[in-house]
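Hello,

Here is the structure we talked about passing on. Please open it first, then read my notes below with the coordinates on screen.

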Amino acid sequence: MTSFSDLILSTAHAQAPAGAPPQPSPFMSLAPMGLIAAAESYNPLGTNDADGRRVGVDLLERVLSGYPEHAECARIAFMVGGVWLNAGDTAKAVAGFERFIRLFPGNDRAAEARYTIAQAWLRAANFDSARAEWARFLGEYPSSGLWRNAQAAIEDSWVAQARAAFDRNDAAAGVAAYTRYLRDYPVGRHAPSIEYDLAQRR
């Protein structure tokens, strides 16, 4: 059975009658919007249906690959990263946002994409990668409105790393993360509570 998206594509790429000079299809400009509408009907950003998410992303990818100059491509590329972030697929989310930055480096949301890559790594408890991305963000986007958030996130990540270590009963790793925090932020927001916690653990 022909899918809606395949039908749109076949219409957009319809051939001219035999012997006639090639003519652009009057539906060519509508094809991307039809694909986008079909994709968004699956609500890939919000659905918990893995199959629906896959179909929605596939339709969006068709727009990105088939119509790379279309005005909606930046929004779509960012959306694809967000779909995988919401689905908890860190590797695909990071790849999606990295692609967005690569394809649209001057876009207003490029800084947000870099920041979100760091958040994706944080969600996956990959604290070193998260801090590396936030540090990269600080260097690449010094005028971003998220700059102070990134600074605070780096500081907070040491506390999150320590607590994650304690939760898995790795006291040595937890103490090491706390110690690194106190070295880098001796008068930081979390310093008093960390010093108290360390004293209780001795």
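I start with a loop residue. Leaving out residues up to four places away in sequence, Leu45 touches Met79, Gly82, Val83 and Asn86. Leu45 sits in the loop between α2 and α3. Its relative accessible area is 39%, so Leu45 counts as partly exposed. Gly81 is 36 residues away from Leu45 in sequence. In space, the C-alpha atoms of Leu45 and Gly81 are 9.5 Å apart.

Please keep in mind that this is a predicted model.

Asn43 lies in that loop too, between α2 (30–41) and α3 (50–66). Look at its backbone. Phi of Asn43 is near 50°, which is positive although the residue is not a glycine. Asn43 is partly exposed, with a relative accessible area of 43%.

The overall picture

The protein has 10 helices and 0 strands. From the N terminus on, the order of elements is α-α-α-α-α-α-α-α-α-α. There are 202 residues, and 41% of them count as buried. The protein exposes about 11400 Å². Carbon and sulfur atoms supply 55% of that area. Now take the contacts between residues at least 6 apart in sequence. Of these, 44% join residues at least 24 apart.

Helices α4 and α5

Two packed helices are described by the angle between their axes and the distance between the axes. For helix α4 (residues 73–86) and α5, the axes come within 7 Å and cross at roughly 165°. An angle over 145 degrees counts as roughly antiparallel, so α4 and α5 are roughly antiparallel to each other. Their crossing is left-handed.

Which residues of α4 and α5 meet? From α4 come Ala74, Ala77, Phe78, Val80, Gly81, Gly82, Trp84 and Leu85. From α5 come Lys92, Ala93, Gly96, Phe97, Arg99 and Phe100. By type, the contact of α4 with α5 has 9 nonpolar, 3 polar and 2 charged residues.

Phe100

Is Phe100 buried or exposed? Phe100 is buried, because its relative accessible area is 1% and buried means under 20%. The residue belongs to helix α5 (residues 90–103). Not counting residues up to four places away in sequence, Phe100 touches Ala74, Ala77, Phe78, Pro105, Asn107, Arg109, Ala110 and Ala113. Ala113 is 13 residues from Phe100 in sequence. The distance between the two, C-alpha to C-alpha, is 7.4 Å.

Helices α6 and α7

Helix α6 (residues 110–123) and α7 pack at an angle of about 165°, with axes 7 Å apart. The two helices are therefore roughly antiparallel to each other. The crossing of α6 and α7 is left-handed.

On the α6 side, the contact is made by Ala111, Arg114, Tyr115, Ile117, Ala118, Gln119, Trp121 and Leu122. On the α7 side, it is made by Phe127, Ser129, Ala130, Glu133, Trp134, Arg136, Phe137 and Glu140. These residues of α6 and α7 divide into 10 nonpolar, 2 polar and 4 charged.

Glu133

Look at Glu133 within that contact. This residue is in helix α7 (residues 127–140). Glu133 has 12% relative accessibility and so counts as buried. What does Glu133 touch, not counting residues up to four places away in sequence? The partners are Glu98, Arg114, Ile117, Ala118 and Trp121. Arg114, Ile117, Ala118 and Trp121 are also listed for α6 in its contact with α7.

Asn169 is in the loop between α8 (147–167) and α9. Phi of Asn169 is near 65°, again a positive value in a residue other than glycine. At 72% relative accessibility, Asn169 is exposed.

Pro186 is in the loop between α9 (171–184) and α10 (191–201). With a relative accessible area of 52%, Pro186 counts as exposed. Leaving aside neighbours within four places in sequence, Pro186 is in contact with Tyr181 and Ala191.

Best wishes

How values were computed. Residues are numbered from 1 along each chain as its sequence is written. This is a predicted model: local features need pLDDT of at least 70, side-chain atom pairs count only at pLDDT 80 or more; totals for chains, interfaces and linings use all residues. Side-chain values use heavy atoms; hydrogens and water are left out. Helices (H or I, at least four residues) and strands (E, at least two) are DSSP runs, numbered from the N terminus. Buried means under 20% relative accessible area, exposed over 50%, partly exposed in between (1.4 Å probe, protein chains only). Contact means heavy atoms within 4.5 Å. Accessible areas come from the Shrake-Rupley method with a 1.4 Å probe; for residues, only the protein chains shown count as cover. Axes are lines fitted to C-alpha atoms, for helices over the stretch in contact, and angles run from 0 to 180 degrees between N-to-C directions. Angles under 35 degrees count as roughly parallel, over 145 as roughly antiparallel, 65 to 115 as roughly perpendicular and the rest as oblique. A crossing is left-handed if the near helix is turned anticlockwise from the far one by less than a right angle, and right-handed if clockwise. Ala, Val, Leu, Ile, Met, Phe, Trp, Tyr, Cys and Pro count as nonpolar, Asp, Glu, Lys and Arg as charged, and the others, Gly among them, as polar.
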